Amino acid sequence: MQFTRPTPFAEAIEKLGNRSPIVSQLTSAEWRDVPVALRERAFFSSRVESARFLQRGRDAITDLLTGARETLPNGQVALKAGSRAAVIRRLQEFAVAEGLGPLLPEDQGTIKDITSERRLGLIVDTQVRQAHDFGYWKQGMDADVLDEFPAQRFVRVQDVEEARDAHVPYEDQVALKTDLDFWTRINEDFGVPWGPWGWGCGHDVEDVDRAEAEELGLLQPGQRVKPVEQDFNARLQASTRGLEPDLLAKLRAELGEQVVIEGDTIRWRDQRTTLDTVLRELGLDKKAKASADDMRRLREELKEANPARAKDVISSISGADSETGLTADKINAAVQEFLDYVPPALVARLPKISIDVKALPDANGSYWKGRMELRTDLSQSELKRVVHHEMMHWIHLDGSPEYRAAIKTHFEARTAGEAVQQLPGYSSDIVGKKDDWFDSYAGRIYSGLGDKGEGWEVPTRYIEWLTKSPDEMARRWNDPTFRETLKIVLTALF
């Protein structure tokens, strides 16, 4: 299978990175009976019970999609995943080391053998194709794109050994992209309105422009087509309801604690779609007063299973000096502590960071457009706090526009009607709206940027909470005003 399209959108990569590795002995046919809402949020392969293998596979394919790079021992920079063949070879070696050979000797080397190149190639190609095709489906749901190319044609692009009889009647048929029933009916294996259209399927789709769609009677001249992404998401949620009792029993027996079935909803236990999910599972959503142990558990839950590595994020470190104690190793360790909380898919969209250790008379550190500065005489504890602070600028200023908007909206709501003034406890040139932030510095405004400079120190000051002792974390968490802002800040980690 060949992939000539460019790397898919960030949403597609993040979709793969957020899939939960799910171990089971379910066959491909049995997985087809699992609700689409679960399958779309799972990274699995039929009859594979090694979480370590599935985690390794998901991360390797994510690296392949993002073009992630790493610095080799000789100082050269190379693609972390390498080529498709390199990914398959690495997974093959890992599967053998894990003892994941075929169940029966006669299955060795076949599609039933997880160590075979054929099986691993199918896993890699399918996941890559799903990410690409989801990205293009997302693009196709853009209102302007949908107006110009409202339909698509189902076409064969590759001959396969065993063609699907069920797909033959659909070949060369044209339907609106928004016709969810038509496209999900074709995709029996995956139940989604984008490709791939089945395991090993040789079909794809091609855009059909407005003129042809009108000629075919699919829409009237000038008729606008409304995107249906929200409709499909609602359908996914609905698909978890009304399951047959025997299927529910089978899911409970086969998937065990990996799945949570509550009333008419079903979800993966380790699926961290929101901060609220984590808080609910820890019992912190309704707890009046949290303890230090609660904070320890929360901090662990916020950590990523396979975080990005500091050496892949830091492009250079200059000025580090063993005589002052601020060594490159200590800086790397502090950066890694922060990265442990950040989704790798988010890291992949952010710029690399160059770090300069230097004398800073009026600050502990700074960050701007991929460059971080650290003061030479920072203690180890201060280094950790300052790195968390500056790297939160990295996420806030260089990351999601939606996150920046959420922070700005919260800042404006908290400080409505306040005058700009010198912030208590800081020099005369540091101004802002002091409100009742736990530290007035959170209200700082960078006046030279107008209202664009509001709220920049809210996420940075509040993320420092992660560096405190569990007792101090609990004390601050139990303040409702502090917790309200902190929860908004922590959404950056999801």
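Author: His410 is found in helix H18, residues 401-414; helices here are DSSP runs of H or I of at least four residues, numbered from the N terminus. This is a predicted model, in which local features need pLDDT of at least 70 and side-chain atom pairs count only at pLDDT 80 or more, while totals for chains, interfaces and linings use all residues. Residues are numbered from 1 along each chain as its sequence is written, and side-chain values use heavy atoms, with hydrogens and water left out.

Reader: Why is His410 called buried?

Author: Buried means under 20% relative accessible area, with a 1.4 Å probe and protein chains only. His410 has 8% relative accessibility, so the residue counts as buried.

Reader: What does His410 touch, not counting residues up to four places away in sequence?

Author: With contact meaning heavy atoms within 4.5 Å, His410 touches Glu484, Thr485 and Ile488.

Reader: Which residues of helix H21 are buried?

Author: In H21 (residues 480-490), they are Phe482, Thr485, Leu486, Val489 and Leu490.

Reader: Why are they said to line one face of the helix?

Author: The arc is taken from the directions from the helix axis to the C-beta atoms. Seen down the axis of H21, the buried residues fall within an arc of 135°, so they line one face.

Reader: What do the buried residues of H21 pack against?

Author: They pack against helices H12 (275-281), H13 (292-302), H17, H18, H19 (457-463) and H20 (470-477).

Reader: What makes Asp479 a cap of H21?

Author: At the N-terminal end of H21, a side-chain oxygen of Asp479 lies 3.0 Å from the backbone nitrogen of Thr481.

Terms used: Helices (H or I, at least four residues) and strands (E, at least two) are DSSP runs, numbered from the N terminus. Buried means under 20% relative accessible area, exposed over 50%, partly exposed in between (1.4 Å probe, protein chains only). A polar contact is a pair of N or O atoms within 3.5 Å; within protein, one must be able to donate a hydrogen and the other to accept it, and residues adjacent in sequence count only if both atoms are side-chain atoms.
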